[in-house]
Amino acid sequence: MRLVSVNQLQAGMKLGKKIYNDEGLTLLADGVELTDALIKRLARIDIGYIYIVDSVTDDVEIIGMLQDETRNQALKVIRNQFQQMTGASGISKGFYHLDKKFSKIMDSILDDLSLQEDPMIMLLDMHTADNYLYVHSLNVCLYTLVLGIAHGYSKEELRVIGLGALLHDIGKTQVPIKIIQKPGKLSEDEFRHMQAHTEIGYQILKEEPNIPLLAAHCALQHHERIDGSGYPRGLKGPQIHEYAKWLGVADSYDAMTSNRVYKKAMLPHQAVEALYVGSGTLYEQKQLELFRDRVAIYPLGLTVKLSTGESGVVVKIDPSTPHRPIVRVLTGPEGEKVVPFERDLGKALSVVIVDVADQGDSVGTPKYLS
């Protein structure tokens with residue numbers, strides 16, 4: 001299958017991977033033939049990219065980071081708990097024993113990740129953007145845990161940082177929905193309300209008798225930056241807990257690679273480049289280096305152009321060198337179609353990816369393969 005911008009879709013294409021709503025339920029099943037009406041609907045609900053069935057890459061299997069049952073149960077627990085709190089007066093009233101539900105989910109997530117020999121941060125399942133908070137909370141949890149595993153944290157440490165990541169934005173349940181979903185720039189007053197979610201989240205979590213205090217500090221500090229430019233307290237470097245630093249990287253990455261009401265999603269390689277702009281100022285360089293080594297910056301199915309002039313589709317990723325995938329070459333240096341063959345960039349070290357297909361073209365085939 002191939003990863004395509006919604007702007008490139010044409011009627012008659014078939015969906016290669018399910019699309020989910022914010023509740024984790026199937027919105028469109030794989031194999032559905034796209035019509036003009038369905039394509040317009042996908043554009044309206046802010047789906048940026050989808051996988052389509054493609055005969056030259058029909059052997060490419062896109063496997064999620066979690067099993068379907070785990071993902072759906074996690075989203076259900078997050079949604080139910082957050083909805084109970086949204087707009088409620090008395091922040092922590094009636095909101096105890098989070099551990100009984102969230103700890104069970106954390107065990108399931110850690111079990112799923114443990115089944116993977118070398119877990120990586122992959123482009124996740126496609127969701128609508130109608131309630132970004134739930135999916136974002138789960139994504140950030142997964143990304144943070146992958147980084148924590150690579151860093152060498154123990155299972156108990158992973159449980160704590162995982163809970164902190166899963167609940168890092170719980171304070172947003174107390175921010176007016178009109179501010180959360182505002183498509184334009186926030187006013188100074190609105191931005192102050194938004195920033196308050198970190199301290200509100202801390203107040204909520206620190207009162208939970210069985211939620212680790214470090215998880216509460218993750219909620220408090222995930223927007224702090226090592227040069228002191230973050231919020232709410234303008235902490236610097238060693239003043240910020242290591243867990244919150246990891247979480248800050250994962251949170252920023254997911255925000256950049258997700259469709260929002262006020263911006264379109266970046267592709268992973270673009271988001272990693274954006275993160276590196278803040279290396280040594282916003283984020284710790286060593287943490288960014290580990291992140292870069294654990295993220296599939298060129299997702300399976302993405303159309304890329306090589307330094308040879310050839311173009312093709314990413315069909316396999318080696319966890320040891322995720323930035324140098326195997327590319328199935330489909331066109332030659334002059335744009336001519338060729339008999340498909342695979343070029344392993346992990347071995348062909350003189351060849352690099354120089355560009356990705358124009359994700360903004362409104363045609364059915366990426367420009368490099370037209």
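Reader: What length should helix H10 have, and how far apart are its ends?

Author: H10 covers residues 242-256, and at 1.5 Å a residue it should span 21 Å. Its end C-alpha atoms are 22 Å apart, which agrees.

Reader: Is His217 buried, partly exposed or exposed?

Author: His217 has 23% relative accessibility, so it counts as partly exposed. You will find His217 in helix H9, residues 213-221.

Reader: Where do nonpolar side chains tend to be?

Author: In soluble globular proteins, they tend to be buried together. Here, the largest nonpolar core has 88 residues. Those with the most contacts inside it are Ile109, Leu138, Leu145, Tyr253, Phe291 and Val304. Helix H4, residues 132-151, gives the most to this core, with 11 residues. Apart from that core lies another, of 14 residues, among them Val4, Val6, Ile50 and Ile52.

Reader: Which residues does Tyr253 touch?

Author: Leaving aside neighbours within four places in sequence, Tyr253 is in contact with Ile121, Tyr143, Pro268, Ala271, Val272, Leu275, Phe291 and Val295.

Reader: Let's turn to the strands. What is the strand order in the open sheet of 5 strands?

Author: The order is E9-E8-E7-E6-E10, and the pairing is antiparallel. Strands E9 (337-344) and E10 (353-356) stand at the edges with a single partner strand each, so one side of each has no neighbour in the sheet. On average, neighbouring strands here are turned by 35 degrees against each other, direction ignored.

Reader: How many bridges join strand E8 to E9?

Author: There are 5 bridges between E8 (residues 326-331) and E9, which run antiparallel.

Reader: What should I do where pLDDT is low?

Author: There, the predicted coordinates should not be read in detail. The mean pLDDT of this protein is 86, and 89% of its residues reach 70 or more. Over residues 90-96, though, the pLDDT is below 50, and this stretch has 13 contacts in the model beyond near neighbours in sequence. Residues 359-370 also have pLDDT below 50, with 41 contacts beyond near neighbours in sequence.

Terms used:
Residues are numbered from 1 along each chain as its sequence is written. This is a predicted model: local features need pLDDT of at least 70, side-chain atom pairs count only at pLDDT 80 or more; totals for chains, interfaces and linings use all residues. Side-chain values use heavy atoms; hydrogens and water are left out. Two strands pair if DSSP finds at least two bridges between them. Helices (H or I, at least four residues) and strands (E, at least two) are DSSP runs, numbered from the N terminus. Axes are lines fitted to C-alpha atoms, for helices over the stretch in contact, and angles run from 0 to 180 degrees between N-to-C directions. pLDDT is the predictor's confidence in each residue, from 0 to 100. Contact means heavy atoms within 4.5 Å. A nonpolar core is a set of buried Ala, Val, Leu, Ile, Met, Phe, Trp, Tyr and Cys residues joined through side-chain atoms within 4.5 Å. Buried means under 20% relative accessible area, exposed over 50%, partly exposed in between (1.4 Å probe, protein chains only). The expected span of a helix is 1.5 Å times one less than its number of residues.
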